[in-house]
Each structure stands twice: as structure tokens, then as C-alpha cells.
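The exercises below are meant to be worked through with the sequence and the 3D structure at hand. Try each task before reading its solution.

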Amino acid sequence: MSTATTHDEHHEHGPATGLMRWVTTTNHKDIGTLYLWLSFIMLLTGGAMAMVIRAELFQPGLQLVDPNFFNSMTTMHGLIMVFGAIMPAFVGLANWLIPMMIGAPDMALPRMNNWSFWILPFAFTMLASTLFMEGGAPAFGWTFYAPLSTTFAPDTTDFFIFAVHLMGISSVMGAINVIATILNMRAPGMTLMKMPLFVWTWLITAYLLIAVMPVLAGAVTMMLTDRHFGTSFFDAAGGGDPVMFQHIFWFFGHPEVYIMILPAFGIISAIIPTFARKPLFGYSSMVYASASIAILSFMVWAHHMFTTGMPVAGELYFMYATIMIAVPTGVKIFNWVATMWRGSMTFETPMLWALGFVVMFTIGGFSGLMLGVAPVDTQYHDTYFVVAHFHYVLVTGALYSIIAAFYYWVPKWTGNMYDEKLGKIHFWWSTISVNVLFFPQHFIGLAGMPRRIPDYALQFAEFNMISSIGGFAFGLAQVFFLYIVVKTIKGGEKATDKVWEGATGLEFEELPSPAPYHSFDEAPAVK
Amino acid sequence: MISSRLLRRFFAPVLAFLSFISMSSAHADYELNMTQGVTPISHQIYDLHMIVLWICVIIGIGVFGAMAYSIMKHRKSKGAVAAEFHESTTVEIIWTLVPLAILIAIAVPATATLIDLEDTSEADINIQVNGIQWKWRYNYIDEGVEFISALAESSRTNGQSGVADPTGNENYLLEVDKPIVVPVKKKIRFLFTSDDVIHAWWVPELAVKQDAVPGFINDSWAYIEEPGVYRGQCAELCGKDHGFMPIVVNAVSEQEYQEWLVAMKAEAAAVAASADKEFSMEELVAKGESVYAANCAACHGPTGAGVPPVFPAITGSSVATGDISDHIDIIMNGKTGTAMQAFKTQISDVDIASVVTFQRNSLGNTVGDMVQPSKIKSLR
């Protein structure tokens, strides 16, 4: 480009200034940052609701909130954490990392990228606004089973339905973008089987999103027409079936579980080899295991419904299919352990979070296997055992991987190292408290405490109190994390270009730290 | 070390607090594990639970042990040099096939238990269980005995919508006004359905947990081996008072069960007879107060203030101060599209007459009219 450089073209070379930079940006790094901050705000919001729940459950008796508000809290906590904290965090990481990992200059569809982010703040504002409306926020659980969510729901349910539609649109657009980017914009030589596992797992996740978000949209639309336009999809009095709602919901809901864990597998598969200084064990079996988990995830949904009165043949099928998932998941765990085996390990903060992930996600996997055994699920279903299970896979699984990813890549993003000592304190503080929080919930559940109750019988008192104490400590640890994040962005020891001794991949080997606003204007050479 | 000092400083008050709490509460008989229960199925389920648990523990020891060994030995600070290997088809085939074999070993007994669990044929007694927000209606189909069972006020001190208070309540939230009574050593088949939203009837000791779905009937069964009182709760979120609809099953000998049936039938006959009796307004208002507390206060509030707009107030309401026949109609038949239930299937003629009269002449309303049970009987 010679003397003909116009203002407009010049504009393309750095971020605009002021607030409009963030509103109008089409840059994958900016949009990634926006997603990550949204997700952090949602984590703290949903976390505050969890604190209300744990405070009410600290002792038997109703001390702080009335039962209806308690139900609103569990509902909003679940929705905000799933759709607001975990999913946007992975999309943010995808935005930041996929172009840099495959040697692309940006995402394939940058304007749509901007749109898919900016829908979300409005969706969550609308969802959260129901808390301040007459009749109260939705109080039917994040799984919103009909007819509690249709005939018997508060008027604010319509806001919830519209918010879910918006989140779905955003997710589908994000997924289209990820697929278009990965399939079209890889640098020459970056064949599919050379892609980092994070890229692979996100490619699979994106297909899952496109497959199931429309199903969720269908479910909430049927709710809407049942509520207002005289249909009876979920009303037996009109020839419908409330259990059909659960089939539709879980046909979305089970793949959704893997949407929230597959990218985590990709992150852990990047971090462990770096700090073990040894290549990932069984790369291709990791790819195949991820794909098998994704396919199986479509065939097991009714294991959430063993008590709804399915025929015994249906229960047997869903039990067999469900416990089969343990095989590819086991392969992943074994591969990570084999990657560590005879490595040369160091234990910087990202590695600690990754190891925490492997151990505690495995615990969540064990309880998942137990829950999959249909006759025993008769006793586990809808108890705190289930609550413990999915918090082990979602908090110490998905959330731990996101935090690990932050510590691992933030030097590349900002050029600053985080404070290693604070990072380690954050890890040990979180890991001790999260186990004090969720491990006793296994016991409470086995002893017979149902989930989603604001008050409980006396034999559950001791463990609920311990769990609440763990909850408050874990919540506080994430406020501490906010301090670490801000401190790292503001300054810190300068990171080297490679950041970690054992780091591999284009983002570490081909780009400086911090990565420039526009990276890979020219495709890198991939060995 | 700083961190251990920090830890001690953080945990010392917590531990002191915990030990104080556990001393102050003498009811510390908590459980760590699943109940073994009192039915053949519950024993099978417990055994299966323990088998899978131990398999998980053993695999866990293997995986975490290998990890821990590696973390101890293969660390850079101990001079470990990274090996180069990154695949082994043999190893990968082994750790695909071995878990598969373990899963098949779990699936075999699980299949047998599941088939037993679902075999509700040849039952001795059939009991229909209806979930209603937030109580249970039991119907002994072969005996014609039918009644509603709800949380006992005494197990929650301050009333359903009042402040709950666990002090001095041994079975806090787990006591009902009328337990169901069943004989031991009989195959009891439960048929579940619901009048409104989905509930789930769960008694851990019987290993019965089944959803009660409006418009559909599910079934399950129990063969109770030992007499005793077995408590459970609703397990499916069913709205505001989901946490307050307990279940109590009283398992007794065949003879006691027969005596109980006779008593229940006599009581039902007395209630039916009382519908023809003439009541004074004072009698109806007095009786209506307790009917209101048991059936209406959960939504409309103990003072009749309600929770508008979802649960309208009774005080000053156009229904409770308007035409009495509309008032009776809404209480007997409910209001479609809302949580207002059809109470004619739940409470007696006397109860309906007294609660209508109570609502019109109390809770701040002073309409001054009343209705006799015989009128309600004629409207059925």
C-alpha cells in the first residue's frame, strides 16, 4: 500500500477509541474479550444467586427468602450459569484462539460475530428484569418442565421465552462462524488432523449447537403457543403430553451438556502437554473419542427421565447407551494421564487447574456412571446426589477449564504474566472450598434430600451447613479471581513470545506477546 | 509457611463453630449412604449401588494413583527428562475394551433389577396416588377408601405460609395429617397421576420414586417386609410448596390394616351423613377457619391477602363478596388455566360449605350470607 492509503483503510489497522470500539468492533480479539467479560459478569451474578440459595439452606427453617423466590433463585442461577457464564466463555475463547491457532487473520464472518455477541447483553437483561416484575421471576427450574412452566407459570415466563430465543440465535450464529472459520480459513498445511484439539472439539461443539439450539427454540415456542394461542402440546386435557416436553427438552439438554464440556477437553489437551513437556498421548484417538461422545450425546437423552414412566425396553436402551459414554470419556482421561506419564512436569497455575479438572471431572464422571444405572437412579433421581454430580462436571469441569485457559493464554493476550503466587492461592482456595461445597452434597443426596427445596428435615442439617460454608468460600475466591484478572490486564511481568517453555502451536510459536490486534495477515507456514 | 498459617487461621473459627453446632443439636443422626430399605427391590438397588460405587473407587484408585505417582516422580524439579512416546495402539485398545467389559458386567445385574422393578403384575392391593399442589390424595381402589394427606401443621410450627420453625420437631417437615396405612408382606401396586403439575412420589425405604403426570397413569410397586413408619417427599419441583408435601407410609400387620380400613369407612360415612345436618353460621365459620388454613392459606395467605397477581386476595375479592353461587362454583370446580383447584374432589360437603361461609364472613369480609352442606351436596 503506497501513498493512496485512505483514512478508512488506516482505520482498519488498530482499534478505534472509546466506547464505540466495543460496539462496532468486528475484530475477533475484541469480540472474544467482550464475550469473556460478559461471562465473568454472569458468573458473579449467577454466583450471587447461589449465595442466596446456600444462605437459605445454611440451617433448617425458612430464614431469608420465601419458597417462591427460592425457586426463582435456583431457576435463574441455572439459566444464567449455563447460558450466561459457561457457554459465552467458551465462545469468547473460541474467538480469541481459533484464528490464532489455525493461522487465520480473523473469524470468517466478522460482522455476524459482532451481532451474535451484542444480542446477549439484551437477552440477559431481559431475563434478569423478570426478578423485578409483578408475579416474580420464572420459578420452575432451569429445565422448565411443563405444565409448571405453561399453565401454572407466572406472566414473566414470556420474557424468559424470548430471552431463550435470543440466546439460541446468538449461539447458532456463533457456531456457524466457528464452522466457517475452521473449514475455510486454515493456513496452508494446517490439515484437519494437525489442528489443535481445542479447534477440533470446538468444531464438533459447533455442529452440536446447530443441531440442538433450534430444538430448544421449538420447545419454548410450543410453550408460548400453549400459554397464549390455545394449543395443547403439553396439556393432556387437550390431547397433548407433558412428558413430551421432557423428551424435547432433553433432546436439546443432553447434547448441551457436551457443548459445555467438549471445548474443556480441548483446553486440557493443550495445557497438559505443555507442562509435561511431552506431546499429547493418542491425538487421533482423542479426536475420535470427541466425535463419538458427540454422536452418543444424541442417543441418551431419556436417562434424565427414568422416573417418568417409560416402558422397560426404553429404560434398558437408554441405560445401555448412557453407560457406553464412559468408554470414550475414559479414553480421554487415560490419554491425559499417559501424557503426564514420564513427562517432565512443572506446576504453574494453568497446570494446577488442568490437573484439578482431570481429578474432579473424573469424580463427576463416576457419579455420572452411577446415575446411568437405571434401577439405582430410582433412588438418586432429583436428589442432591444429582446436584453434586452436575456441579462436579460443570464447576470443577467446565469452569475449571475456563479458568485454566485464562491463566494459560492471558500472557499471550495481554503480554503480561499473571501473578503466579496469587494464581496458586486462587487455585488452592477454590479447590479446597469447592470440595467442601459439593462433596457433602453426595451424602445429603444419598441420605434422601430432594433437590430444589428451600427447607429440609433435620437429618440433613450438618452437611448442608458444611456445604454452605464451602459455598461462601468458593464464591469469595472468584471475587479474588476478578482482582487477579484486573491486575494482570493492568500490568505485570512481561511475557516472552513463547510464554511457556513447553508451549506449542501457532499462537505461541509464530506470534509475539501480546498478540497484535491483527494477526496472521499473511498465512504462516505450518510444518 | 504462609499458606498453612493462613489455612489454620481460616479454619480454626470454622471448626470451632461446627463443633458448637453439632453439640447444640442432639439430632445429629445423619446418614452417609443410601438406605437399604425394607423391600426386596430396595435391597437389590442398594447392592447394585454398592457394586458400582466400589468399581468406581477401584478405577479411581488406579487412575489417581497413576497420576499421583507421575506427579511425584516425573517432575522437572527432580530432573525428570520427558520421554517422546505419544501413542500405543495396544494400550489404547486395552483401555477401550477393559472398561467395556466392566460396563457389561454392571449392565447384567442392572437389567435384572430393572425388570423386577417394573413388574407390577399380580398385585394384592391397588392404591391410586394423586399429586395435588401441595398434598397427596390416596384412593384404595378396591376398598373405596379415599382421603387427602398433607403436611401436618404440627411438624412446621407456624403454618404453611408462616415462618417455619424446626425447633422441637423431631420429624420436621416429614409429618402428615393422615398417613397411608398398608399391610406388610403384600404386593402393593401404586398408580400415580396428578391433578395439576408433575409431582413425584418418593419413599426411599420402599425404593419407589415415580412421577405423577397429569393426564397419564404410571405405576410402581412395593412389598414391605418389616412393619414401620416410612417417610418420603415429593421429588419433582411442583411449585411454591414443593418442599412441603411429605409422604408417610405406615406399614402394619394385616389385622391392623383391616381395622384401619373399617375405621376409615366409618369416618367417611359419618362425614357423608353430616352433609344433611343443618349448621349455624358460627359453627360453619369456626370449622371453615381450619379448612381454610389447611387448603387455602398456602396460596391466598393466612390473612386472605394472597400474593397478587398470581394468587388473588380473598379479602375484598369480587368472588368472595359477590354472588354466593359463583363463589361456590369456583371453589368446587376450580378455575381453568390457573392454580385454583377443583376442591369438590378433595374436601367434603361440610368443608366446602364452611370454607365458603368463612371466607364471606371473615378475613375482613362481612357479606353476612351462608350456605348449608346439603346445598353443596345437591350441586355435586
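**Exercise 1.** Among contacts in chain B between residues at least 6 apart in sequence, what percentage join residues at least 24 apart?

*Solution.* This is a predicted model, in which local features need pLDDT of at least 70 and side-chain atom pairs count only at pLDDT 80 or more, while totals for chains, interfaces and linings use all residues. Residues are numbered from 1 along each chain as its sequence is written, and chains are lettered from A in the order in which they are written. Two residues are in contact if their C-beta atoms, placed from the backbone, lie within 7 Å. Counted in this way, 65% of those contacts in chain B join residues at least 24 apart.

**Exercise 2.** Decide whether B:Phe190 is buried or exposed, and find its contacts.

*Solution.* Begin with its place in the chain: B:Phe190 belongs to strand S5 (residues 187-194) of chain B, where a strand is a DSSP run of E with at least two residues, numbered from the N terminus. A residue is buried if 20 or more other C-beta atoms lie within 10 Å of its own, exposed if 12 or fewer, and partly exposed in between, with C-beta atoms placed from the backbone. B:Phe190 counts as buried because it has 25 C-beta neighbours inside 10 Å. Finally, leaving aside neighbours within four places in sequence, B:Phe190 is in contact with B:Ile127, B:Val129, B:Val208, B:Asp219, B:Ser220 and B:Trp221.

**Exercise 3.** State how many residues each chain gives to the contact between chain A and chain B.

*Solution.* Chain B contributes 85 residues and chain A contributes 84 residues.

Notes: Helices (H or I, at least four residues) and strands (E, at least two) are DSSP runs, numbered from the N terminus.
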